[in-house]
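Here is a short report on one protein chain. Look over the sequence and the structure first, then read on.

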Amino acid sequence: MLDLDNTLVDRDAAFHDAVTAFLTEHRLPHTDLTWVMALDASGYTARQDVAAAMTDRYQGLVPTTAIQALLDHGTADRVVLAELSREALDTARTDGWTCVIVTNGRTVQQEAKIRRTGLDQLVQGWVISEAVGCKKPEPEIFHAAADAVGASLADAWVIGDSPHADIAGAYTLGLRSVWVSNGRPWAQESYQPTHVAVDVAIAIDHVITAAR
């Protein structure tokens, strides 16, 4: 089970590029980039809260529809899948692994990312929190992921970048996990990932080799 944003794809880089273009188009200070990125908090701030804060800040300067377009399409239009990640997924499937994306977020936006990057051709399925009515780290979404591909949670692995959503979710279910650190130190004391990898390609390779 694989997380999408900032695990399989660099969601923050795509959003960074979208915000940069937004600020340029509307002749806003590029120093606002830091503010918008902090407000967004890697997508964990609710969309309506981000929209409200940006609308308040740019009232009279930017149409509300432009802010909505940024939040609805900006990231999905720019996200890419790294070649090493693509190759790792190919290897996993060749080795007989069933790969399913488990992601929090809105269905339209998350599916746009999956299809734009070609991930829909590389995994056997996906579940999105809005569509299934539950979100990570709730156990129900991981069970829904297994059901979506006709698999069992027995011997499953969870790969993701979020200590709270991905690794804590795996820990609660007694599943093995790989935390994609993206260069960050692990800071949680009450639970630990089974393994730490700097990126998703290395994480997938670890799962494949550990299971042999």
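The side chains of R11 and D40 form a salt bridge, 2.4 Å from N to O. A salt bridge here is a side-chain nitrogen of Lys or Arg within 4 Å of a carboxyl oxygen of Asp or Glu. R11 sits in helix 1 and D40 in helix 2, so the pair ties together parts that are 29 residues apart in sequence. Helices are DSSP runs (H or I, at least four residues), numbered from the N terminus. Both R11 and D40 are buried. Buried means under 20% relative accessible area, exposed over 50%, and partly exposed in between (1.4 Å probe, protein chains only).

This is a predicted model: local features need pLDDT of at least 70, side-chain atom pairs count only at pLDDT 80 or more, and totals for chains, interfaces and linings use all residues. Residues are numbered from 1 along each chain as its sequence is written, and side-chain values use heavy atoms, leaving out hydrogens and water.

## Helix 2 and its two faces

Helix 2 covers residues 32-40. Its buried residues are D32, L33, V36, L39 and D40. Seen down the helix axis, they fall within an arc of 130 degrees, so they line one face of helix 2. The arc is that of the directions from the helix axis to the C-beta atoms.

The face turned away from the buried side carries the exposed residues T34 and A38. What covers the buried residues of helix 2 includes helix 1 (11-25) and helix 3 (47-57). Contact here means heavy atoms within 4.5 Å.

K113 and D5 are both buried.

K136 and D166 also meet in a salt bridge (2.7 Å, N to O). K136 is in the loop between helix 7 and helix 8, and D166 is in helix 9 (residues 163-173), 30 residues apart. D3, K136 and D166 are linked in a network of salt bridges.

Most residues other than glycine have a negative phi, and most peptide bonds are trans. A41 follows helix 2 and has a positive phi, near 50 degrees. At 34% relative accessibility, A41 counts as partly exposed. N6 has a positive phi too, near 65 degrees. N6 is buried, with a relative accessible area of 10%.

The peptide bond from K136 to P137 is cis, with omega near 15 degrees.
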